[in-house]
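Subject: Structure for your files, with notes

Dear colleague,

Here is the structure I said I would pass on. My notes come after it.

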Amino acid sequence: MAHPFFERETRAPVEGPFAAEELGLAFRNVGLPLEALRYDVTPLGMHYTLSHFDVPEIDAGGFRLAVGGAVEAPLSLRVDDLKALAPPRTLRVTLECAGNGRAGMTPRYPSMPWQAGGVGTAEWTGVALRHLLALARLGPAVTELAFVGADRGFDSGVEHAFGRSLPRALALDDDVILAWEMNGRPLPPQHGAPLRLVVPGWFGMASVKWLDFIEAREQPYDGYQQAVGYHYRKQANEPGVPITHAKVKSLMAPPGIPDWYTRRRLADRGRITVTGRAWSGAGTPIERVQFAVDGEWRYALLAPAAHRYAWQRWECEWDATPGEHELACRATDASGATQPMVPEWNRAGMGNNAVQVVQVTVR
């Protein structure tokens, strides 16, 4: 029997109100409340989640991670077996959804309508992937490793399990880990329990949750989310550019108090310390953050990069005067990359790192 879904991409960029399907995705997934930027490490319930399909039901006691493909020693290991491979590593990592900020692109792609909250920072504990690959003994012709999760469904009419791949050299990097803990606790179901991949410095789609199978490959992985999804495209029929590292970005915790419905801010006059976070991809540190009031830019005080892959705190003093004001922040990383004032548009609404703007009324 044929399935009821289209075998082609049917979602074109749109303008106007959010569709019921987009609102449904927003109810299923969780964004970071921007006031939670005050935490160095995001509490578990505030860290963003994005799941393409259902959260799978996995029996932790019977779970086995399979490793196969072009290896000399195929494996089937429990989490306890992984824990015995090498001393565990804990990395503080900022993960951001590649679609974060999609709602700010015009026209927008109908999908998860992220505004700014598709980000979070956690401490992930696990074992370096390279120890597992050493045990499996990769074949000499292996060029990449594919990582397939237990979650399965349809996207654009294509049935598949969510999967991504990494080049061999990156998969062997010390900082790519198989994680079983988040913030010192066992992984929650929505974050990939019992085991997930964590790829620091990349957008979140690379960190496959509910990891089920690792395949050593001598040819490029052709899974849907690798070969078709997660590309920057201007036109529907072009190959596009694969999405990899996160982009330089900063966010502020909006000052004052909010209106319940509009989230517009109200603050009292006087000295206000505005704080936020800034980060970039590939472990590149932030060089500077600037803060603007009504278009006048000044330098913010930036905390040192204490953790290679985690966001950095910044703050700036604002002498708030009565009236309507527009606040903004922008970051520049050590490579010289700076946030743009407007997003670089693409069909899927990916990689929006444009400057954040917050409207504040001061009384």
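The notes below cover cavities, backbone geometry and salt bridges.

This is a predicted model, in which local features need pLDDT of at least 70 and side-chain atom pairs count only at pLDDT 80 or more, while totals for chains, interfaces and linings use all residues. Residues are numbered from 1 along each chain as its sequence is written, and side-chain values use heavy atoms, with hydrogens and water left out.

Cavities

A cavity here is a set of points, on a 1 Å grid over the protein atoms alone, where a 1.4 Å probe fits but cannot get out; lining residues have an atom within 4 Å of a point. Grid points are joined across faces, edges and corners, and a volume is the space filled by probe spheres set on the points. On that basis there are 2 cavities of 30 Å³ or more.

The largest cavity holds about 240 Å³. It is lined by 19 residues, and those closest to its centre are Leu50, Arg196, Gly204, Ser207 and Lys209. By class, its lining has 9 nonpolar, 7 polar and 3 charged residues (Ala, Val, Leu, Ile, Met, Phe, Trp, Tyr, Cys and Pro count as nonpolar, Asp, Glu, Lys and Arg as charged, and the others, Gly among them, as polar).

The second largest cavity has about 120 Å³. Its lining consists of 18 residues, with Trp279, Ser280, Arg308, Tyr309 and Ala310 nearest the centre. That lining divides into 8 nonpolar, 8 polar and 2 charged residues.

Backbone

Helices (H or I, at least four residues) and strands (E, at least two) are DSSP runs, numbered from the N terminus. A cis peptide bond links threonine 106 to proline 107, with omega about -10 degrees; proline 107 sits in the loop between β3 (89–96) and β4 (119–128). Another cis bond runs from alanine 193 to proline 194, with omega near 10 degrees, and proline 194 is in the loop between β8 (185–186) and β9 (196–198).

Arginine 137 has a positive phi, near 60 degrees, and belongs to the loop between α3 (129–136) and β5 (144–155). Its relative accessibility is 42%, so it counts as partly exposed (buried means under 20% relative accessible area, exposed over 50%, partly exposed in between, with a 1.4 Å probe and protein chains only). Arginine 263 also has a positive phi, near 65 degrees, in the loop between β14 (257–258) and β15 (265–267). Arginine 263 is partly exposed at 44%.

Salt bridges

The count is 18 salt bridges, each being a side-chain nitrogen of Lys or Arg within 4 Å of a carboxyl oxygen of Asp or Glu.

One of them joins glutamate 22 and arginine 108, at 2.9 Å from N to O. Glutamate 22 is in helix α1 (residues 20–28) and arginine 108 in the loop between β3 and β4, so the pair ties together parts 86 residues apart in sequence. Glutamate 22 is buried at 3%, and arginine 108 is buried at 6%.

Arginine 152 and glutamate 159 form a salt bridge at 3.3 Å, N to O; glutamate 159 is partly exposed at 47%. Glutamate 215 pairs with arginine 217, their closest N and O atoms being 3.1 Å apart. Here glutamate 215 is partly exposed at 22%, whereas arginine 217 is buried at 14%.

Regards

Methods: 1 Å grid on protein atoms, 1.4 Å probe; cavity = no way out; pocket = protein on both sides within 12 Å on 5 of 7 lines; lining within 4 Å.
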